Amino acid sequence: MKRIVSFITENFEKEVLESFEISSGLLRASNMTEDEIIEEISLSGLKGRGGAAYPTGKKLAQSAVFKSDVKYLICNADEGEPGTFKDRDLLKYDALGVFEGMVISALAVRATDGILYLREEYSFLIDELENILSQMRSKKILGHNILDTGLNFDISIFSGAGAYICGEGTSLIESIEGKPGRPRNKPPYTKEQGLFMKPTLLNNVETYAAINAIMKNGYEEFIKYGTEKSPGTKLISLCGNVNSPGTYEIPFGVTLKEIIEKIGNGVKNERNVKFVQIGGISGPLILGKNLDIPFTYEDFDKIDVSMGSGAILVVDDQTDILDFLDAVQAFFKHESCGKCTPCREGNRQLLNVLARMRKGIETESDIVNIERIAKTMKYASFCGLGQTAPTALLSAIKNCPEEIFRRGEQHA
Amino acid sequence: MRNIKLTIDNQVVVVPEGTTILEAAKKVNIKIPTLCHHPDQKIKANCRICLVETGDDNLDTACSTFVREGMKVNTKSKLVRETQLGVLELILANHDQDCLKCVRNGHCELQDLCEKFSISRDDIEIIPPHDIVIDSKAMDLLNPAIVRDYSKCIKCNRCVEVCREVQDASILAGAFRSTDYTVQPAYGKTLSQTLCTYCGQCAVVCPVGAIYEKSEIQQVWDAIDNPNLHVVVQVAPAVRISIGEEFGFKPGTAVTGKTVSALRRLGFDQVFDTNFTADLTIIEEGYELIDRISNHKTLPMITSCSPGWINYMEGFFPEVIDHVSTCKSPQQMFGTLSKTYYSKTRGIHPSKIYSVSIMPCTAKKFEAKRDEMMTNGIPDVDAVLTTRELAKLIKTAGIDFANLKDEEFDNPFGITTGAAAIFGATGGVMEAALRTVYEVLTDKELPEINFYDVRGMEGIKESSVKIGDLEVKIAVAHGLSNARKLMEQVKDGKSPYHFIEIMSCLGGCIGGGGQPICTEKCIKDQRISGIYYMDQNMPIRKSHENPYIQKLYEDFLVEPNSHVAHELLHTHYSARHL
Ligand SMILES: Cc1cc2nc3c(=O)[nH]c(=O)nc-3n(C[C@H](O)[C@H](O)[C@H](O)COP(=O)(O)O)c2cc1C
Ligand code: SF4
Ligand code: SF4
Ligand code: SF4
Ligand code: SF4
Ligand code: FES
């Protein structure tokens with residue numbers, strides 16, 4: 001399978017960096033106007049790879065409007081979503097491409113200060129990343145007047161403190177400002193008043209890598225892959241009960257079944273798939289019998305599934321779904337920032353009911369109420385964390401109620 | 001500003017851009033439930049109760065969502081109702097629901113909501129009783145002024161905002177995550193381990209019973225019941241203008257006579273007026289100012305009658321101690337006089353006198369317990385009740401306040417002036433002092449008795465007054481963050497003023513931490529109007545013209561700033577350290 005966004009080689013070995021060359025993508029961008037760069041990204045149809053899938057070209061265009069002496073450009077490498085590790089591999093094997101994507105974006109929106117917000121657990125990468133940044137400085141693709149474009153832009157690394165919520169844009173910003181990681185009210189919007197109240201552009205690691213790839217190869221090359229509505233390729237983090245878990249780059253349109261069988265080399269111990277969870281722990285479940293669905297935004301939309309970060313967790317038929325849901329909810333109870341009522345209180349109440357369900361002693365009203373609590377969280381929570389915390393549960397209730405409501409049946 | 005047209009529950013509403021759905025709904029008389037929202041504060045959107053439907057299958061919080069052209073808002077769809085109920089139940093799932101024993105029973109925003117939603121255990125319940133968790137930290141009862149009951153806190157953050165942004169004290173903040181999230185002083189300290197000013201502004205903005213004054217109602221009952229004690233009570237200027245609100249009167253209605261009458265019925269032996277010692281404060285402070293100006297002593301002089309301000313100053317600006325007037329507050333002047341002058345004239349031993357004060361303020365409780373405010377180990381003021389506590393006392397006693405006949409204060413601390421009346425509003429002390437200082441220094445009658453420049457809700461007010469040859473420069477600040485601005489100047493030796501008035505709370509005492517709950521700005525405005533209306537209608541409007549004050553000096557204090565006056569009516573301050 002050809003890889004264009006990532007430079008991850010077949011056998012997952014690091015490409016040698018000794019042959020350090022300025023990428024053709026950055027060179028090309030340096031000869032384009034801001035509008036031309038943004039146009040190129042828009043034509044590629046690239047959508048944000050951090051989870052929300054907002055069209056990247058549109059986001060760049062909106063950001064470009066806000067001019068300021070100090071303008072931040074942040075790369076979100078918090079990657080706290082359990083089961084997601086593609087950003088780690090990108091930074092491990094091709095950080096240069098990510099950084100170049102950042103410089104290209106800085107050219108497009110005239111940003112002055114780049115920050116890589118690196119998940120605490122990834123600090124083992126810092127030395128190497130700093131090394132690459134200093135090489136970039138010595139090649140003058142960071143610093144003063146980059147490639148004679150008049151752009152002054154440098155990148156620094158900020159290490160997070162290990163909270164999942166800090167992957168959410170405004171919490172991430174609060175965290176850089178030295179405050180507790182809790183989401184901010186909007187407006188003001190980040191693009192206008194973000195970090196230290198300055199205009200700020202925030203994108204995911206993979207999004208920057210893709211921007212670089214698009215500039216390098218041209219959007220025409222990018223859209224040769226994938227489908228009309230989901231052009232290009234996507235990195236997936238394949239994990240769970242598969243024989244070959246890992247980070248892979250796939251063209252949009254491959255089915256989940258193909259992914260599991262061809263890329264993941266099938267389910268471990270030749271068991272059956274009970275379900276897969278898409279997009280990480282905040283994502284919905286797709287049952288084993290429905291795996292013929294192509295991996296595209298449009299096909300997922302039809303069944304009300306959001307692709308999220310592109311994680312695919314494969315769960316075999318040995319797993320008790322209630323145990324699984326309990327673990328999901330426990331994660332969210334641990335990671336909730338506590339700011340708003342539904343998420344602060346909802347997770348603990350879901351866990352209460354789940355505990356009874358696991359013992360088979362749930363009451364009639366538990367069966368009604370677990371869904372009501374979950375919906376309250378979904379509709380009323382302040383931020384994405386609380387809104388998606390009950391996603392797995394709600395999709396289990398919708399897709400396989402008989403699997404979870406087994407009243408009176410002793411299990412677990 | 002552009003106008004935006006939208007519909008709310010099918011009614012067309014046109015409002016300026018930048019209006020929230022909540023405000024727009026109010027325009028068409030639709031009341032959306034709220035908890036974390038406070039009209040004088042920033043948008044918080046953390047309670048999530050104010051949900052409305054803004055699009056297909058999409059809910060937004062009305063307090064934080066701005067109107068958009070063509071928006072269709074539904075405030076009572078099935079989804080809205082069910083989700084609001086869900087949120088409310090989740091709040092209650094972590095709430096010590098013992099309303100009957102709660103200080104805010106009947107005055108609680110959460111309780112009101114429950115009534116509105118008809119929450120009852122017979123209805124379908126989301127959270128069964130056995131899942132209700134009250135895992136909060138223990139109550140903070142370790143200071144004389146403010147109680148924090150963590151089991152009642154709904155984590156709305158209103159107290160955090162007022163403490164940080166209005167009072168510049170930043171004592172409270174959100175700590176920990178998820179279910180451990182707690183609004184508390186940093187590092188889980190008690191308030192007594194912080195530089196809390198005890199201003200009580202956090203208590204006034206709290207929607208529930210999570211912050212309130214430390215009650216001394218029982219001590220007061222015990223004193224009244226004790227036949228060996230002669231119990232006297234003083235009523236602060238700002239109480240008479242607000243306590244009526246607890247009994248159905250419009251804000252700003254002066255109910256002085258009814259308050260006096262109620263206090264007599266409660267069994268107080270003598271009912272006195274703090275306004276009397278407010279007049280006395282003006283004389284002492286006025287002469288102190290004259291002395292400082294004439295003898296080139298430390299200037300600017302800063303007022304000292306607001307104990308929240310004194311606590312703040314000692315904690316955050318100890319550098320300015322020498323600038324602060326040494327005068328005790330009117331409450332404490334009264335306390336001292338009740339146990340000296342009054343005790344002597346009535347022939348009652350000070351140990352047999354129990355001195356109670358009714359105050360709009362929680363910091364006054366702290367003040368009364370200060371070491372400096374004791375004589376031979378006996379406090380000058382034995383118990384301080386807030387306006388709210390007095391209202392409770394009156395209700396407990398079954399007194400039909402609204403229909404009471406007006407009665408007069410007792411003498412010798414009953415005759416007062418308009419100058420004392422305006423102590424309750426920001427700028428009032430300044431104005432009262434100027435009325436006296438002008439006439440004492442020039443020996444001429446004031447051409448204009450009203451100093452409009454120092455009145456009103458502007459955070460910092462400046463003016464200058466020509467007294468004889470001297471241009472006296474003055475400034476007035478209320479709310480401690482405004483005080484900070486003036487104190488930075490004083491600290492740096494750059495203050496251009498001669499005299500500065502500081503009140504801890506926005507609006508002055510009418511907005512104090514002990515006042516009836518939910519003191520919004522519009523209510524403060526009405527209370528202030530009420531105060532100036534009282535002043536205007538007083539026969540005497542200058543402190544030095546109060547005949548009983550003159551008599552007090554003749555009989556007892558000799559002259560302003562005399563030795564005995566210094567002994568009894570002045571105090572000193574010291575830096576507070578953590
Ligand atoms: C709870 C939560 C956690 C998130 N974590 C991440 C993350 O780890 N990495 C990331 O890129 N985006 C994360 N996001 C999404 C970001 O808020 C944001 O949408 C994204 O970084 C924007 O970049 P993109 O447009 O390139 O996707 C998270 C969102 C939420 C609500
Ligand atoms: S949903 Fe609420 S409590 Fe949960 S993480 Fe977001 S703001 Fe915090
Ligand atoms: S805070 Fe309100 S709802 Fe809670 S116990 Fe007190 S009165 Fe009742
Ligand atoms: S009493 Fe005043 S200073 Fe103390 S916590 Fe409350 S608002 Fe802050
Ligand atoms: S103490 Fe009161 S004002 Fe402060 S967060 Fe709790 S409920 Fe809100
Ligand atoms: S009142 Fe709107 S979220 Fe609290």
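1. Start inside chain B. Across the interface of domain 2 of chain B and domain 3 of chain B, the rule finds two salt bridges. A salt bridge here is a side-chain nitrogen of Lys or Arg within 4 Å of a carboxyl oxygen of Asp or Glu. Glu213(B) and Arg388(B) join their side chains in a salt bridge, at 3.2 Å from N to O.

2. A word on the basis. This is a predicted model, in which local features need pLDDT of at least 70 and side-chain atom pairs count only at pLDDT 80 or more, while totals for chains, interfaces and linings use all residues. Residues are numbered from 1 along each chain as its sequence is written, chains are lettered from A in the order in which they are written, and side-chain values use heavy atoms, with hydrogens and water left out.

3. The domain assignment of chain B gives domain 1 (3-93), domain 2 (139-214) and domain 3 (218-569). These bounds come from an automatic or database domain assignment. The C-alpha centres of domain 2 and domain 3 of chain B lie 27 Å apart. Their contact (heavy atoms within 4.5 Å) takes 18 residues from domain 2 and 26 residues from domain 3.

4. Domain 2 and domain 3 of chain B bury about 1,800 Å² between them, and carbon and sulfur atoms give 58% of it. Buried area is the accessible area (1.4 Å probe) that two parts lose on being put together, summed over both. On the domain 2 side, Asp168(B), Val204(B) and Glu213(B) lose the most area to domain 3, together 31% of what that side buries.

5. Now the chain pair. In contact are 38 residues of chain B and 30 residues of chain A. The two chains bury about 2,900 Å², 52% of it on carbon and sulfur atoms.

6. Three salt bridges are counted between chain B and chain A. In one salt bridge, the side chain of Arg177(B) meets that of Glu335(A) at 3.2 Å, N to O. α2 (78-92) and β7 (172-175) of chain B each supply at least two residues of the side that touches chain A. α2(B) gives the most to that side, with seven residues. Helices (H or I, at least four residues) and strands (E, at least two) are DSSP runs, numbered from the N terminus.
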